[in-house]
Amino acid sequence: MHKLNRYKKLFVIICVVLLSTITVSAKLLPIYSVFTDKKQVALTFDCAWGADDIDEILETLDQHGVKATFFMVGDWMRKYPEATKKIAEKGHDVASHSDKHPHVTEMGKEEIKKDIRFAHNTIKEITGIDANLYRAPYGEYNDTVVEAAKESGYYIIQWDVDSLDWKNYGKQEMIDRVLKHKSLSPGSIILLHNATKYTKDALPTIIEGLKGKGYELVPVSQLIIKENYTIDHTGRQYSN
């Protein structure tokens with residue numbers, strides 16, 4: 001009996017240690033969405049490939065009076081500096097999507113920070129803007145990635161509404177995926193890409209549909225909380 005009690009005590013100690021470890025090592029999260037009493041959402045575009053549709057995307061945004069956020073890869077910006085300048089000149093958020101689009105979860109913190117810094121310098125050289133919004137390539141992250149972004153002076157941004165436009169399922173499916181998404185709500189961040197088959201054609205209907213639901217479309221820089229905030233386990237940002 002004495003031996004059994006000793007095992008029970010040992011089991012309890014192990015459980016306490018494991019629970020403590022889980023609590024201490026809670027995963028750091030990017031901003032997936034924002035808790036807000038304003039009916040606002042943000043359109044975001046990841047730019048990593050071509051630029052043939054940029055003019056049409058910008059024209060559509062202009063026609064509907066919408067400002068969006070463009071997460072651009074350093075290599076893309078150096079290849080398409082005029083497109084990068086035009087995005088900035090139109091008043092959209094100019095944001096970082098890394099310099100080389102690497103798998104950042106396989107990198108050390110200093111290596112990630114170096115990649116972020118190179119992209120930052122490219123944005124600064126082309127547009128004159130000191131960017132502070134970062135989206136990790138492939139949406140991959142871990143504690144090291146989040147820490148590297150924060151230590152580099154960046155808010156790390158994900159999304160809670162994914163258009164899956166890069167899969168080229170079709171124009172109407174892309175529209176439905178955004179407008180009927182279960183997570184679409186005030187504070188949502190919507191993921192789109194340029195250089196896909198249907199994005200530029202689906203964009204007008206998506207914007208009209210969101211406005212028809214009563215949403216105001218704002219850039220991420222206007223949507224997120226800059227200071228005194230917490231992020232819950234779903235990635236939703238709250239003001240303290």
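This is a predicted model: local features need pLDDT of at least 70, side-chain atom pairs count only at pLDDT 80 or more; totals for chains, interfaces and linings use all residues.

Colleague: How far apart are the closest N and O atoms of Asp201 and Lys200?

Modeller: They sit 3.3 Å apart, and the pair forms a salt bridge. Asp201 comes out partly exposed at 31%, and Lys200 is partly exposed at 24%.

Colleague: Which residue does Asp55 form a salt bridge with?

Modeller: Lys86, with 2.9 Å between the closest N and O atoms. Asp55 lies in helix α2 (residues 54–63) and Lys86 in helix α4 (residues 81–89), so this pair ties together parts that are 31 residues apart in sequence. Asp55 is partly exposed at 45% relative accessibility, and Lys86 is partly exposed at 32%.

Colleague: And what does Glu82 pair with?

Modeller: Glu82 forms a salt bridge with Lys85, closest N and O atoms 3.5 Å apart. Here both residues lie in α4, three residues apart, about one turn of the helix. Glu82 counts as exposed, at 53%, whereas Lys85 is partly exposed at 32%.

Colleague: Which residues are linked in a network of salt bridges?

Modeller: Lys109, Glu110, Lys113, Glu147 and Glu151.

Colleague: Now secondary structure. How many helices and strands are in the protein chain?

Modeller: Helices (H or I, at least four residues) and strands (E, at least two) are DSSP runs, numbered from the N terminus. The chain has nine helices and eleven strands. For sheets, two strands pair if DSSP finds at least two bridges between them.

Colleague: Is the pairing of β1 and β11 parallel or antiparallel?

Modeller: Parallel, over two bridges, with β11 covering residues 236–239. Ser33 has Arg236 as its bridge partner, and Val34 has Gln237. On the other pairing, β10 and β11 run in the antiparallel sense over three bridges; there Thr230 has Tyr238 as its partner. The hairpin of β10 and β11 has four residues between the strands, and Gly235 takes a positive phi near 90°.

Colleague: Where does Asp99 lie, and is Asp99 buried or exposed?

Modeller: Asp99 is in the loop between β4 (93–96) and α5 (109–127), and at 2% relative accessibility it counts as buried. The side chain of Asp99 reaches the backbone nitrogen of Ala119 at 3.5 Å. If contact means heavy atoms within 4.5 Å, then, leaving aside neighbours within four places in sequence, Asp99 is in contact with Val73, Gly74, Asp75, Arg78, Asp115, Phe118, Ala119 and Thr122.

Colleague: What about the chain as a whole: what share of the 240 residues is buried?

Modeller: Buried residues make up 48% of them. Among contacts with a separation of 6 or more, 75% join residues 24 or more positions apart. The chain exposes about 12,200 Å² (Shrake-Rupley method, 1.4 Å probe; for residues, only the protein chains shown count as cover). Carbon and sulfur atoms supply 53% of that area.

Colleague: Last one: what pLDDT does the protein chain average?

Modeller: pLDDT is the predictor's confidence in each residue, from 0 to 100. The chain averages 92, and 89% of the residues score at least 70. Over residues 1–5 the pLDDT is below 50, and beyond near neighbours in sequence that stretch has zero contacts in the model. Residues 7–25 stay under 50 too, with zero contacts beyond four places in sequence.

Notes: Residues are numbered from 1 along each chain as its sequence is written. Side-chain values use heavy atoms; hydrogens and water are left out. Buried means under 20% relative accessible area, exposed over 50%, partly exposed in between (1.4 Å probe, protein chains only). A salt bridge is a side-chain nitrogen of Lys or Arg within 4 Å of a carboxyl oxygen of Asp or Glu. A polar contact is a pair of N or O atoms within 3.5 Å; within protein, one must be able to donate a hydrogen and the other to accept it, and residues adjacent in sequence count only if both atoms are side-chain atoms.
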